[in-house]
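I opened this entry to keep track of what I looked up, starting with the contacts and ending with the strands.

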Number of protein chains: 2
Amino acid sequence: MSQLSEMKKVDIKKGGKKTQDDIVYAHIFDAILEQRLAPGTKLNEESLGEIFGVSRTIIRRALSRLSYEQVVVIRPNRGAVVASPSIEDTRGILFARRVVEKAVTELVCDHADNAQIEQLKKCVRAEQTCFDSGDRAAGIRLSGEFHLLLAEMANNPPLLSFQRSLVSLSSLAIAQYESNAKSHCSYDEHFELIDAIAKGDKNLAVQLMMHHLDHIQDKLNLDGDAATSDLKAIFANVCK
Amino acid sequence: MSQLSEMKKVDIKKGGKKTQDDIVYAHIFDAILEQRLAPGTKLNEESLGEIFGVSRTIIRRALSRLSYEQVVVIRPNRGAVVASPSIEDTRGILFARRVVEKAVTELVCDHADNAQIEQLKKCVRAEQTCFDSGDRAAGIRLSGEFHLLLAEMANNPPLLSFQRSLVSLSSLAIAQYESNAKSHCSYDEHFELIDAIAKGDKNLAVQLMMHHLDHIQDKLNLDGDAATSDLKAIFANVCK
DNA sequence: CCAGAATAAATTGTATACAAATTATTCATC
DNA sequence: GATGAATAATTTGTATACAATTTATTCTGG
């Protein structure tokens, strides 16, 4: 990764002081959200240390944090890999998202002001620009950030941190199970949702959000036909 | 803390292999859940290291993990303290719990078997025994573990890990804001809830759970009259 | 004796060294 | 050449050393 793009990424994140492991964490997190890091990728501590110019101590902290969000799996004595959610995991993740997003949508409908509506629109316009210009990776990340932005506006810290974890896990699941490349055109549904929120139509907004999540799930190959290279899953019935 | 009680605690937790920082984490977590560690308590790394017989590295990992669950607050360069949720935080925590517990209750109603019902009863009987024999601390912890057990039975890993964080945060909030000592008689409501689940009466179970959470919140002093020693909160209006 | 600066002690943040475990390679055997 | 044990290399886990920062104490002037 170039020095330039590194700086861009750091600047993107708001909030003043960033400690070193915040930066490393954010980079790896974004790489996963943008699907530049595929599920299953081994995350070597020393290599990452050289890339970011810090010691393993810092890398280790960042990886731990990612593992608490379950975006990375740390296998004792065997290092960290990017999580590869199973089909069952993915169903669980999307179920949890329905639970959280419903609450978030209702909260945002209750007390969203014009400035916030505008902020949401700005986010989705950026998403649209990315997809239309072919920058799928950035588009996927911005799509996730739209949902994070909503959670932020719900003004409930625990729900926000949970949503953070769920959005990145969803991104991993999409990376693994999305059927075809023409997939991620979520922005029109995002715009519809914003309109419903702006009108304060809570029922419609929740309904749109649920359908939106249904569509995300529909695009995934969750029929259990193992479009995966997970041998354990394939031969799960053998040694039973 | 004695060597003996340390071993007891370790044995309590299920699952085979425990790494060192798992043990330290579990001890501090339980101490917070049992309210032996009051909100605001400073958690010195070296002292904890001596207590548990490990280096600061391990303590640090445990504290980080607790801070990701927001049970502990790490202030840069100034160490870790047990979190002291504000009144607003507490409302947010209980709101999030309603969201999660509703989903959990519905899931458990859908597919709880007799063995699980029995397990739930066993947990609440233990809780009852503790409260009746005057061991309030253990009772509070078991009360929390009942809700964690439910989340486990919901069979949704993300919801479980979120519930874990919320239950311990609730415990902290109770420690800070509970009005009178005669408070925590949650076990009868727990028994009622189990009955509803056993009958598979989803609507009733959800209703009971919501009322249960209402009662927990009702027992708290959240009227903003600052039964707290938090000077920042008391003088929040001064330098505005 | 009290306020505030200067200094000392304690505590946290990061890097590094070494031990323990895992993974890769070599070598002997069939 | 393939299989499997022995060895070497890599990688992770933990402790420790030192730097940076914060907190406590001492000193000085009023």
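Before anything else, a cut-off for my own use: I count a polar contact when a pair of N or O atoms lies within 3.5 Å. I also note that this is a predicted model.

**Entry 1: DNA strand C**

With that cut-off in hand, I looked up B:Asn44. An N or O atom in the side chain of B:Asn44 is 3.4 Å from a phosphate oxygen of DNA strand C.

Next I asked which side chains reach a base nitrogen of DNA strand C, and at what distance. I found A:Thr57, with a side-chain N or O atom 2.7 Å from a base nitrogen. I also found B:Arg56, where the side-chain N or O atom is 2.9 Å from a base nitrogen.

DNA strand C is surrounded by 17 residues, and the closest are A:Ser55, A:Thr57, A:Arg78, B:Arg56 and B:Arg60. Of the atoms of DNA strand C within 4 Å of the protein, 73% belong to sugar and phosphate.

Which elements supply at least two residues each to this surface? From chain A I have helix H2 (20–33) and H4, and from chain B strand S1 (42–43) and H4. H4(A) has the largest share, with three residues. By class I noted three nonpolar, seven polar and seven charged residues near DNA strand C.

**Entry 2: DNA strand D**

I repeated the search on the other strand. Here 16 residues surround DNA strand D, and the closest are A:Arg56, A:Arg60, B:Ser55, B:Thr57 and B:Arg78. Sugar and phosphate make up 73% of the atoms of DNA strand D that come within 4 Å of the protein.

The side chain of A:Asn44 has an N or O atom 3.5 Å from a phosphate oxygen of DNA strand D. A:Asn77 uses a backbone N or O atom, 3.0 Å from a phosphate oxygen of DNA strand D. For the bases I have B:Thr57, with an N or O atom of its side chain 2.7 Å from a base nitrogen of DNA strand D.

The elements giving two or more residues to the surface near DNA strand D are H4 of chain A, plus helix H2 (20–33) and helix H4 (56–68) of chain B. H4(B) gives the most, three residues.

In what order do the three strands of chain A lie? I read S1-S3-S2, an open sheet with antiparallel pairing. Strands S1 (42–43) and S2 (72–75) of chain A are at the edges with a single partner strand each, so one side of each has no neighbour in the sheet.

Helix H4 (residues 56–68) of chain A packs on this sheet and touches S1, S2 and S3 of chain A, with its direction at about 110° to that of S2(A).

I went through the pairings one by one. S1(A) pairs with strand S3 (residues 79–82) of chain A over two bridges, in the antiparallel sense. A:Lys42 has A:Val81 as its bridge partner in S3(A). S2(A) pairs with S3(A) over four bridges, again antiparallel, and A:Val73 stands opposite A:Val81.

Chain B has an open sheet of three strands in the order S1-S3-S2, with antiparallel pairing. S1 and strand S2 (72–75) of chain B are the edge strands, each pairing on one side only.

Four bridges join S2(B) to strand S3 (residues 79–82) of chain B, and the two run antiparallel. I noted B:Val72 with bridge partner B:Val82, and B:Val73 with bridge partner B:Val81. S2(B) and S3(B) form a hairpin with three residues between them, and B:Asn77 in the turn has a positive phi of about 65°.

Definitions and conventions:
Residues numbered from 1 in each chain as written. Chains lettered and ligands numbered in written order. Predicted model: local features only at pLDDT ≥ 70, side-chain atom pairs only at ≥ 80, totals over all residues. Heavy atoms only, no water. Pairing = 2+ DSSP bridges. Contact = heavy atoms within 4.5 Å. Axes fitted to C-alpha atoms, helices over the stretch in contact; angles between N-to-C directions. Near = heavy atom within 4 Å. Polar contact = N/O pair within 3.5 Å; in protein donor to acceptor, adjacent residues only side chain to side chain. Nonpolar A, V, L, I, M, F, W, Y, C, P; charged D, E, K, R; others polar.
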